[in-house]
Amino acid sequence: MGAVVVKNGKIIGQGYHKKAGLAHAEVEAICAAGKYARGASLYVTLEPCAHYGRTPPCVDKIVDAGIQKAVVAMVDPNPLNNGKGIKLLQEHGIKVEVGFCEDEARKINQPFIKYITKKIPYITVKTGQSLDGKIATKNGDSKWITSDKARVVAHNLRRFYDGIMVGINTVIRDDPFLVSGYPKKPITRIIADSRLSMSARANLFQKPDPVIIATLTQALGQETENRNLLATKAKILEIRENNGQVNLYDLFKKLARLGITNILVEGGGTLIGSLFDYNLVDKVLFFIAPKIIGGKDSIGSVMGKGALRVDKAVKLKEVKLSRIGEDFLVEGTVKEY
């Protein structure tokens with residue numbers, strides 16, 4: 001969420017909500033404007049809150065600062081607020097306009113809207129693949145399919161997410177670090193590992209960002225030495241079983257309870273295929289290199305069961321195509337909230 005304070009046609013304060021539990025965007029913007037906020041206008045992408053949560057009501061700060069007018073892009077979908085903030089501002093004599101750039105705001109706020117209304121995180125699938133949809137050869141070689149420039153862009157995307165998720169096959173094959181690259185914006189690394197088979201010496205544990213390993217519930221007395229060792233390095237999240245694998249819907253519900261609102265899933269093909277099979281994907285980012293790997297045993301970017309008929313295939317909306325060096329990025333949404 002973002003906000004700006006405007007006076008005499010000039011921006012005198014701006015802010016954004018950095019993290020759950022920290023000051024909201026309008027409070028940041030008003031603090032930046034200081035005493036000059038009195039008599040100014042506030043522009044905000046989401047209705048200011050009127051209730052106590054992890055922070056005090058933003059409405060109180062707006063009133064105390066002497067804001068004269070509030071321009072609100074969209075009403076808060078949170079039932080705890082949903083119109084109450086607007087009403088309180090009006091009761092304090094502040095002029096309120098609602099709906100300015102609402103379509104744009106809804107697109108920006110999609111992760112928040114889903115998290116609040118569905119109680120599960122917003123899921124974005126990102127993959128780097130060849131033109132024929134492969135992420136590795138049949139021998140597991142995957143470095144590198146896309147260019148350096150494309151990988152830098154893909155890596156920088158991580159800072160916009162609370163969590164980054166991969167399957168155990170990706171950890172075993174690539175041994176990634178999965179860091180955000182931004183010290184001020186740590187990211188939770190989430191590993192789907194139904195059999196808890198990952199090594200306690202994996203590169204993931206060489207970096208300070210938190211790690212969550214999602215695995216199946218283990219019967220009492222069946223703890224293994226590896227499980228006990230991993231428990232000292234990561235949070236072990238026991239998840240219900242679905243056909244021998246982690247139940248992804250159950251996992252996402254539990255991650256939402258931990259405050260994780262949006263997740264970037266980076267593979268592998270088995271995990272991504274399962275997400276599509278169970279209709280859990282909200283957005284896709286496919287980085288495509290002009291290379292042909294071929295081979296029926298090569299590893300594809302989207303595995304799983306797949307569609308049985310072409311007319312049942314996943315259809316993207318809001319599709320964008322951009323060029324990054326020699327590669328292409330296809331971006332699109334699967335669902336809208």
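Q: How many residues of domain 1 are in contact with domain 2?
A: Six residues of domain 1 are in contact with four residues of domain 2. Contact means heavy atoms within 4.5 Å.

Q: Where does each domain run?
A: Domain 1 covers 2–100 and domain 2 covers 111–333. These bounds come from an automatic or database domain assignment. The centres of the two domains, taken over C-alpha atoms, are 36 Å apart.

Q: What kind of model is this?
A: It is a predicted model, where local features need pLDDT of at least 70, side-chain atom pairs count only at pLDDT 80 or more, and totals for chains, interfaces and linings use all residues. Residues are numbered from 1 along each chain as its sequence is written, and side-chain values use heavy atoms, with hydrogens and water left out.

Q: OK, sheets. What is the order in the five-stranded one?
A: E2-E1-E3-E4-E5, an open sheet with mixed pairing. Strands (E, at least two residues) and helices (H or I, at least four) are DSSP runs, numbered from the N terminus. Two strands pair if DSSP finds at least two bridges between them.

Q: Which strands stand at its edges?
A: Strand E2 (10–16) and strand E5 (95–98). Each has a single partner strand, so one side of each is left without a neighbour in the sheet. Neighbouring strands are turned by 15° against each other on average, direction ignored.

Q: How do E1 and E3 pair?
A: Strand E1 (residues 2–7) and strand E3 (residues 41–44) are antiparallel, over four bridges. Val5 stands opposite Leu42 in E3. Helix H1 (residues 25–33) packs on this sheet and touches E1, E2 and E3. The direction of H1 makes about 140° with that of E2.

Q: What does H2 meet in H3?
A: Val59, Ile62 and Val63 in H2 meet Gly85, Leu88 and Leu89 in H3. Those residues divide into five nonpolar, one polar and no charged.

Q: Now the nine-stranded sheet. What's its order?
A: E11-E10-E9-E8-E14-E6-E15-E18-E17, open, with mixed pairing. Strand E11 (235–239) and strand E17 (317–324) are the edge strands, each pairing on one side only. The twist averages 20° from one strand to the next.

Q: How many residues lie between E17 and E18?
A: Two, in a hairpin. Gly325 in the turn has a positive phi of about 65°. E17 and E18 run antiparallel, joined by six bridges. Lys317 stands opposite Thr333 in E18.

Q: What about E15 and E18?
A: Strand E15 (residues 283–289) and strand E18 (residues 327–333) also pair in the antiparallel sense, over six bridges. Leu285 stands opposite Glu331 in E18.

Methods. Nonpolar A, V, L, I, M, F, W, Y, C, P; charged D, E, K, R; others polar. Axes fitted to C-alpha atoms, helices over the stretch in contact; angles between N-to-C directions.
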